[in-house]
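Please read it with the sequence and the coordinates open.

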Amino acid sequence: MSYISELFGLDGKVAVVTGGSRGIGQAVSVGLAKAGAEVVILCRTQPDETLVQIKKVGGKAYHIAADVTNEAAVERAFDEIFRRSRTIDIVFNNAGICIHKPTLEATTEEWRQVLDVNLNGVYNVCRAAGRIMIQNGIHGSIINNASMSGSIVNVPQWQCSYNASKAGVLHLTRSLAVEWAQYNVRVNSISPGYTATAMSVDTPDELKNTWMPLIPMGRMGTPEELVGAVIYLASLASGYTTGADLIVDGGYVCR
């Protein structure tokens, strides 16, 4: 085994990815499989295309259906994953939604919907995964998908609920990192900038035409450009890293 494989390889590891049916979740699922992990995709719908892509690269994967906002369903799902795979080493908490609306036009229900998926869902998954890791002495790695929106306010679109939810994810990550360090469970996050997924690509051109000049690299990122950050945080290469946030935004927050 090469030095790089020893540091970054995930052979024999089991990785759970929420929201792995498309976009960032799909790219990371395939990347984790390429690095050697068995991938469990936790989402409400059947992630057929992701499973096909993982099979094409010779990886192992299966799907467990669960809604991350349903605490009981998440707990049952993680118990089933542990029963089936005998370990849970890595979790990539990716499921999320965004609603672009001025605050005075958005409904309270929309606020609650975004917070429920983006923050409560992350909490539910962290709690279920952390319980299994701690009870079974697993030196686990939990990686939460936050956003640069947890650190800055996006313009010209207004998305107060999304920004607040992602700021919550950042501090939840730090809080759990400190609390669970004694159990050798590491908790970190990544903060993508504008990334070419359905959430960004389908946005009206007048918004995207405002974004582009604000990105020092002059373009949106791709989901595949986030895979390396996740693999780093999942692997032995980051063994002394916890409570960290890796910003992958083309330089946006440096402006």
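The points below take the sheet, then the helices, then the charged pairs.

1. Basis. This is a predicted model, in which local features need pLDDT of at least 70 and side-chain atom pairs count only at pLDDT 80 or more, while totals for chains, interfaces and linings use all residues. Residues are numbered from 1 along each chain as its sequence is written, and side-chain values use heavy atoms, with hydrogens and water left out.

2. The sheet. Seven strands make up an open sheet with parallel pairing, in the order β3-β2-β1-β4-β5-β6-β7. Strands here are DSSP runs of E with at least two residues, helices are runs of H or I with at least four, and both are numbered from the N terminus. Two strands count as paired if DSSP finds at least two bridges between them. The edges are taken by β3 (60–65) and β7 (245–248); each has a single partner strand, so one side of each has no neighbour in the sheet. From one strand to the next the twist averages 20°.

3. Strand β1. Five of the five residues of β1 (residues 14–18) are buried, so the strand is largely enclosed by the rest of the structure. Buried means under 20% relative accessible area, exposed means over 50%, and partly exposed is in between (1.4 Å probe, protein chains only). In a regular strand the side chains alternate between the two faces of the sheet. Both faces of β1 are covered, with V14, V16 and T18 buried on one side and A15 and V17 buried on the other. β1 pairs with β2 in the parallel sense over five bridges, and V16 stands opposite V40 in β2.

4. Residue I41. This residue lies in strand β2 (residues 38–43). I41 has a relative accessible area of 0% and is therefore buried. Which residues does I41 touch, not counting those up to four places away in sequence? They are V17, G20, S21, S29, P47, T50, L51, I54, Y62, H63 and I64; contact means heavy atoms within 4.5 Å. I41 and G140 are 99 residues apart along the chain, and their C-alpha atoms are separated by 17 Å.

5. Strands β5 and β6, with helix α6. Strand β5 (residues 141–145) and strand β6 (residues 186–192) run parallel and are joined by five bridges. N145 has I190 in β6 as its bridge partner. Helix α6 (residues 160–180) lies across β5, β6 and β7, and runs at about 160° to β6. Angles run from 0 to 180 degrees between N-to-C directions, and axes are lines fitted to C-alpha atoms, for helices over the stretch in contact.

6. Helices α4 and α5. Helix α4 (residues 71–85) packs on helix α5 (residues 108–135) at an angle of about 35°, and their axes are 9 Å apart. The contact is made by E71, V74, E75, F78, D79 and F82 from α4, and by N124, V125, R127, A128, A129, R131 and I132 from α5. By class, the contact has seven nonpolar residues, one polar and five charged. Here Ala, Val, Leu, Ile, Met, Phe, Trp, Tyr, Cys and Pro count as nonpolar, Asp, Glu, Lys and Arg as charged, and the others, Gly among them, as polar.

7. The structure holds seven salt bridges, each a side-chain nitrogen of Lys or Arg within 4 Å of a carboxyl oxygen of Asp or Glu. One of them joins E71 to R127, with the closest N and O atoms 3.5 Å apart. E71 is in α4 and R127 in α5, so the pair ties together parts that are 56 residues apart in sequence. E71 is partly exposed at 41% relative accessibility, and R127 is partly exposed at 40%. E75 forms a salt bridge with R131, where the closest N and O atoms are 2.6 Å apart. This pair also links helix α4 to helix α5, with E75 and R131 56 residues apart. Is E75 buried or exposed? E75 is buried, at 16%, whereas R131 is partly exposed, at 25%.

8. K101 and E110. These two residues form a salt bridge with their closest N and O atoms 2.8 Å apart. K101 is partly exposed, with a relative accessible area of 31%, and E110 is buried, at 17%. Elsewhere, salt bridges with shared partners join E75, D79 and R131 into one network. E110 is placed in helix α5 and touches I99 and K101, leaving aside residues up to four places away in sequence.
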